[in-house]
Amino acid sequence: MSLFTNLLNLHSTSKSLEDFFTEIVAYFLSLNNEILIDWLKHHSILSDDNYSSIKISTQQEHKGLESHTEDSRLDIVVELSTGLTTDVIFIESKIGSKDGNNALRKYAEILSNLPNVRHRILIYITRDYDPKEEIKQYCLNLSPKVNFLQLRWHQFYARLQQYATDILAKEILIFMRRNGMSHTNQFSSVDLLTMVNFNKTLNLMESTLSDEVQREFKLAFGGVIKGAASMTQWRWRSRYIIYTKFSGDNFWCGLGYFNLNPDSLTEYPYLGICLEVSPTFVERPKIIESMQNVVNKKPDIWTSNNLTVTQAWSSIFYRKNLQEFLSEKDQLSATKFFFKDSIKELKMIQEQYFDFPWKGVSIETVTEADKEDLDTSASSTT
C-alpha cells in the first residue's frame, strides 16, 4: 500500500479523496517548479518559462461576483510572475464527482475579473470523461477572455512517469494507480482481453458466491447485501463481495474477492472474509481489543490492518492469494469450500472473542442509495 493511501485512511473522516489528492499534487509541484512548467508546456498551456517567481496555493477563497449566489473555493491557483507581468491559472480537479452548480462558469468569470493579469487560464482536469465544450466557448466570449483547457489525470500520470526516480513522484504514481487515475484513453491488449472475458470472470465470481454460500453467510451473520451493490464495490473499491452491516456503516464484514486492481500485473487478488470497524464507532475500543486477541491467538491465519491507528478504518482478514487456487483441478469447488470455511472461521471467532451483538442487515433488492454502501470505508480493504 502506498504512503498516501495510508495517510488518506488516517484522515478518511475529514478529508475527501479529491481534496487530499489536490494537496498532494500542489505540494509536489511547489517543490518541483520545473516539472510544473514542463507539464504546462507539454500541453501548450504556456509558451515560455521566463518566470522569476511561481506561487501555488490550494483551497483559495474568492468572493463571489454580483451575479453569483455564493463565494467560490478554488482547488489550485498558480500565479506565475516575470517581474513585469503575471499569468494566473485556476485548476479545478475532479476524481469521482463532476462539475456542479456551474462552478466552472463562475471560476471563469472570477478569473476574467482579476486585475493586472496577462494570461488567464482555467484548467479542468478529471479522472473520468466529462466533456465541457460549452464552457470553452463561454470562456472565449468573456472580456478579458479566459483560455479553457480540459485535461485528464492519466495524462498527468504519463508525464510524471518520466520523474519516477523521485521518491515523492513514485508515491504519487502508486496512489494514482490505486484510485483509477492512470488509465489512458487507448485500449491496450490487456483491456481487450478484459473486455472479451468480463462476463466469464463475473460469472465465475458469482458462481463461487452463489446461493449456497450466500445462505451460509446470511445464517451466520443475519444478513446479506449483494447484486448491484457488489458491482458498485467492484467499480469503486476494487472488490467483488457480498457483505452485511452490523451497526450502520460503522461495523461490517464482507466475503469475496479483494484487491482486484493491484499495483502491478505480477500481483494477484486475494479472496476470503474481512471484518472492519470505523474510526468513529462508539464500540470501537472493545472491537479493536477483540481483533487484536484474534490475531495474537491465530497469527498464522488472521491478518490485521491499522489496528493501532486510531483515526483509520481497522480490519482483520481471513484470506488466501488467488494464485493458490490456480493449481486446483476444480477451482470453483475449491473456492466455494474456502468461502464456506471463511464464514465458519469468522463465526467461531465471533463467539469466542467478540462481546458484541452482531445482527446483520439483509438487502435483497438494492436501491440507488444502497449502491453507495460502504463508500466511506477505508480503501485499505481493496
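These legends describe close-up views of a predicted model. Local features need pLDDT of at least 70 and side-chain atom pairs count only at pLDDT 80 or more, while totals for chains, interfaces and linings use all residues. Residues are numbered from 1 along each chain as its sequence is written, and side-chain values use heavy atoms, without hydrogens and water.

**View 1. The largest nonpolar core.** This core has 40 residues, and M291 and I316 have the most contacts inside it. A nonpolar core is a set of buried Ala, Val, Leu, Ile, Met, Phe, Trp, Tyr and Cys residues joined through side-chain atoms within 4.5 Å; buried means under 20% relative accessible area (1.4 Å probe, protein chains only). Elements giving two or more residues to the core include β8 (270–277), α11 (284–297) and β10 (314–321). Helix α12 gives the largest share, 7 residues. Helices (H or I, at least four residues) and strands (E, at least two) are DSSP runs, numbered from the N terminus.

**View 2. Surroundings of I316.** Beyond its neighbours within four places in sequence, I316 is in contact (heavy atoms within 4.5 Å) with residues including I273, C274, M291, W302 and F354.

**View 3. Cysteines.** The whole structure contains 0 disulfides, a disulfide being a pair of cysteine sulfur atoms within 2.5 Å. For C274, the nearest cysteine sulfur belongs to C253, 8.3 Å away. C274 counts as buried because its relative accessibility is 0%. C139 is also buried, at 0% relative accessibility.

**View 4. L192 in helix α8.** L192 lies in helix α8 (residues 189–208). Its relative accessible area is 45%, so L192 counts as partly exposed, the class between buried and exposed (over 50%).
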